[in-house]
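This note sets out comments on the model for a colleague working from its coordinates. The points below are numbered so that each can be answered separately.

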Amino acid sequence: PMATNLTQPTKRRKRKFSAVLFLALVSITSVALLSLGAFFVSGHKSFALLELPELVLPTTPSLFNAEPLSDTDSPGFAACLLVKDVNHWLPEWIAYHHMFLPLTELIVAVDPHSIQSPRPILDRFGSTIPNLRIDMWHDADYISSNRRKGIPDYPPKGAPPDLWVEMIRERYLFRQNWFMSKCLSEVQRRKTNRTEWVLLHDADEFVVFNRRGSKVWKPDSMPKYGKGTLLDYILATQHDEQSPFHGPETCVPMPRLLFGSLESSLEQINDGSPSGLDARDFATMRYRHHVSKTDLQASGFVKPLVNVLRSPQTGGFHNTPARDPHCPYPKPGICRGYNIMQHLKSDWSVSESPLVMNHYVGSWESFNFGRRWFLERFNETRDVSGGQSDDIRPWLGAFVKRFGLTKAKYLLEGSGDVNYDYGPLNDSRLGIRYEESNVPLEKVLAAVKAKKEAAKQHSARLVTKGTIGAA
């Protein structure tokens with residue numbers, strides 16, 4: 001008994017000592033983190049660090065399809081889409097990919113500087129199409145508060161416009177890389193056999209069958225719009241050892257083909273278009289002229305289809321930002337099995353891929369809306385005429401046939417119209433104004449110049465090595 005009584009104070013003293021030790025460790029860690037933060041800021045004085053306020057609004061992703069989808073639902077594709085004032089593209093993009101893929105899961109992240117909210121469009125599709133789950137995310141849903149503080153701010157007052165464009169683009173890319181990471185992780189987390197392929201492209205890019213350019217895959221084996229989907233094609237060819245969908249590769253590269261803004265005649269635009277809709281409202285109907293399929297520099301890097309069920313990142317992607325949408329995770333072995341530089345050296349992209357991604361410039365009003373781009377950038381690509389293609393055009397008639405004209409017009413309302421009135425923004429997380437920093441202009445210019453030079457040297461090394469994605 002005496003021994004027992006003596007041990008009680010000893011235990012209390014040990015607990016007290018442990019508590020003091022814990023508080024001391026917390027204090028030391030806090031000081032260390034503050035010092036590290038100060039060091040980081042002092043080492044990156046070329047950019048002001050914008051502290052975004054903690055959001056008090058609920059951060060749970062918005063679900064426009066109230067019932068969660070399960071393995072018993074029809075299988076399909078998922079897509080991760082970061083948007084900023086692209087409402088004029090969105091109805092056409094969702095409708096098309098729901099038909100072609102089919103798209104059954106869509107996660108949309110909205111840039112907080114958007115002056116439009118895609119909510120009315122997402123709500124329209126989510127409430128009308130039962131086999132389509134749509135989530136809408138904001139910054140706090142995929143970027144931690146600490147990481148949001150590291151998003152670069154903008155140049156000081158009086159900075160040239162091209163520097164503003166450069167910095168706006170940098171912020172967009174920062175969000176894009178973290179969003180792809182969290183989105184892929186979320187699709188993988190759901191672990192439903194109904195969705196394993198994920199798209200990571202933009203609202204002005206449309207995946208199509210490479211009917212005319214492929215030497216390997218015969219056009220007859222590719223389903224026609226309304227009579228089959230990309231999923232049907234994958235299931236029919238995945239056991240062929242020559243098929244890119246024959247495992248175990250995580251990524252299937254899709255070469256892009258740039259379509260300019262050169263107008264066709266009204267007769268050509270309306271050819272095959274269903275009555276009751278204006279074909280000029282849809283980029284996929286209005287623009288038929290593209291760059292030469294051998295002008296691979298103009299079309300740019302490929303973008304992949306990612307199979308999250310084959311990924312070695314079984315623990316999720318969310319702790320590591322994607323590198324870019326062309327080769328998201330080269331280091332852990334994701335998208336490592338293909339060479340995205342190869343198509344810049346040969347005709348690989350137009351001869352061996354069964355898929356191609358039509359990338360539309362659109363009209364000047366569409367190209368410039370909400371972006372602050374320059375007319376010079378638009379002029380570089382608008383008048384391209386290396387060829388014409390009508391391969392994608394039958395989709396609209398098939399969409400109307402499936403849903404009926406009344407429902408199709410309802411879903412596609414606002415397509416191509418940058419002035420369409422979606423009502424007040426009604427979301428304090430959007431419409432945030434760009435901030436001007438107090439950093440001296442010369443420091444920002446020097447930082448941008450150094451970044452461009454580093455990127456140029458990196459590209460040169462990749463060309464020399466002939467690959468992107470080596471560990």
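1. Confidence and its limits. The chain averages a pLDDT of 74, and 66% of the residues score at least 70.

2. Conventions. Residues are numbered from 1 along each chain as its sequence is written, and side-chain values use heavy atoms, with hydrogens and water left out. As the model is predicted, local features need pLDDT of at least 70 and side-chain atom pairs count only at pLDDT 80 or more, whereas totals for chains, interfaces and linings use all residues.

3. Overall composition. The chain holds 16 helices and twelve strands; helices (H or I, at least four residues) and strands (E, at least two) are DSSP runs, numbered from the N terminus. Of its 471 residues, 51% count as buried, where buried means under 20% relative accessible area, exposed over 50%, and partly exposed in between (1.4 Å probe, protein chains only). Among contacts between residues at least 6 apart in sequence, 83% join residues at least 24 apart. The accessible surface comes to about 23,200 Å², of which 55% belongs to carbon and sulfur atoms; such areas come from the Shrake-Rupley method with a 1.4 Å probe, and for residues only the protein chains shown count as cover.

4. Nonpolar cores. A nonpolar core is a set of buried Ala, Val, Leu, Ile, Met, Phe, Trp, Tyr and Cys residues joined through side-chain atoms within 4.5 Å. The largest has 74 residues, of which Ile94, Leu106, Leu230 and Leu305 touch the most other members. Helix H2 gives the most to this core, with seven residues. Apart from it lies another core of 21 residues, among them Ala78, Cys183, Val198 and Tyr329. Beyond four places in sequence, leucine 106 touches residues including Ala79, Leu81, Trp93, Ile94 and Leu122.

5. The disulfide. A search of the whole structure finds one disulfide, defined as a pair of cysteine sulfur atoms within 2.5 Å. This bond joins cysteine 80 to cysteine 183, with an S to S distance of 2.0 Å. The link of cysteine 80 and cysteine 183 is left-handed, with -85 degrees about the S-S bond. Cysteine 80 lies in strand S2 (residues 76-83) and cysteine 183 in helix H6 (residues 161-190), so the pair ties together parts that are 103 residues apart in sequence. Cysteine 80 counts as buried at 5% relative accessibility, as does cysteine 183 at 0%.

6. Buried glutamates. Glutamate 205 lies in strand S6 (residues 205-209) and is buried, with a relative accessible area of 0%. Its side chain makes a polar contact with that of lysine 303 (3.0 Å). A polar contact is a pair of N or O atoms within 3.5 Å; within protein, one must be able to donate a hydrogen and the other to accept it, and residues adjacent in sequence count only if both atoms are side-chain atoms. Glutamate 205 also touches residues including Trp93, His97, Arg256 and His359. Glutamate 105, in strand S3 (residues 103-110), counts as buried at 5% relative accessibility. The side chains of glutamate 105 and arginine 190 are joined by a polar contact of 2.4 Å.

7. Helix packing. In helix H14 (residues 394-403), Trp395, Leu396, Ala398, Phe399, Val400 and Phe403 are buried. These residues pack against helices H2 (90-100), H9 (283-286) and H15 (405-411). Glycine 404, which follows H14, has a positive phi near 85 degrees. The buried residues of helix H3 (residues 119-128) are Ile121, Leu122, Arg124, Phe125, Gly126 and Thr128, and what covers them includes H2, S3, strand S4 (133-137) and H15.

8. Backbone points to inspect. Most residues other than glycine have a negative phi, and most peptide bonds are trans. The peptide bond from leucine 101 to proline 102 is cis, with omega near 5 degrees, and proline 102 is placed in the loop between H2 and S3. Aspartate 85, in the loop between S2 and H2, has a positive phi near 55 degrees and counts as buried at 3% relative accessibility.

Note on methods: Contact = heavy atoms within 4.5 Å. pLDDT = per-residue confidence, 0-100.
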